[in-house]
Amino acid sequence: MQLERDVNGDIFVDPSILARRLFMSENRLLRLQRIGRVTSTVEAGTEEDEGLLRITVRCGSCYWRAILDDDLNVVNEEAVNLGRWRGHFAAATAAHEAGY
C-alpha cells in the first residue's frame, strides 16, 4: 500500500482503509474524526531507521502504526485493538502481509 500527501504536504490515509485497520466502519471513523477523537503522529527515523517514517493513528482503544519508506510505501504495519475482549488485555495484530 502506498500513502499520499495532501495539498498541505500532510500524509493522507484513505478513510475506508484506515477504518478497517481501526476495527470500525468508515462512517464511525469520520464521525469520531469530526469531534476530535482521532489523533495521529508522524515520526522521522533516526540512525538505522534513517529515511523511514512512522505514522501512528489512535482512536479509543485502537491504534494503527505503519512504517513508510521515502516514497510513502507501507513497509510494515500493525493494527491493535486493546479493548476487544471485556476484562482482558487483548491485542489483535494484523500484519501488512494479511492484505486487508
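Here are a few questions and answers about this predicted model.

Me: How many salt bridges does a search of the whole structure find?
Reply: Side chains of opposite charge can pair when their charged atoms come close. Here a nitrogen of Lys or Arg has to sit within 4 Å of a carboxyl oxygen of Asp or Glu to count. Searching the whole structure that way gives three salt bridges.

Me: Which strand holds Glu77, the residue in a salt bridge with Arg21?
Reply: The side chains of Glu77 and Arg21 meet at 2.6 Å, N to O. That pair ties together distant parts of the chain, 56 residues apart. Arg21 belongs to helix α1, while Glu77 sits in strand β6.

Me: Which element supplies the largest share of the lining of the largest pocket?
Reply: That pocket has a volume of about 320 Å³ and 15 lining residues, with Ile11, Val13, Leu18, Gln33 and Ser40 nearest its centre. β2, α1, α2, β3 and β4 each give at least two residues to the lining. The largest share, four residues, comes from β3.

Me: Where does Arg37, part of a surface patch of positive charge, lie?
Reply: Arg37 gathers with Arg28, Arg31 and Arg34 in that patch on the surface.

Key. Residues are numbered from 1 along each chain as its sequence is written. This is a predicted model: local features need pLDDT of at least 70, side-chain atom pairs count only at pLDDT 80 or more; totals for chains, interfaces and linings use all residues. Side-chain values use heavy atoms; hydrogens and water are left out. Patches are made of residues with over 30% relative accessible area and no salt bridge: like charges are joined within 9 Å, nonpolar side chains (Val, Leu, Ile, Met, Phe, Trp, Tyr) within 5 Å. Accessible areas come from the Shrake-Rupley method with a 1.4 Å probe; for residues, only the protein chains shown count as cover. Lys and Arg count as positive and Asp and Glu as negative; His and the chain ends are not counted. The place of a charge is taken as NZ of Lys, CZ of Arg, CG of Asp or CD of Glu. On a 1 Å grid over the protein atoms alone, a cavity is a set of points where a 1.4 Å probe fits but cannot get out, and a pocket is an open set with protein on both sides within 12 Å along at least five of seven lines; lining residues have an atom within 4 Å of a point. Grid points are joined across faces, edges and corners, and a volume is the space filled by probe spheres set on the points.
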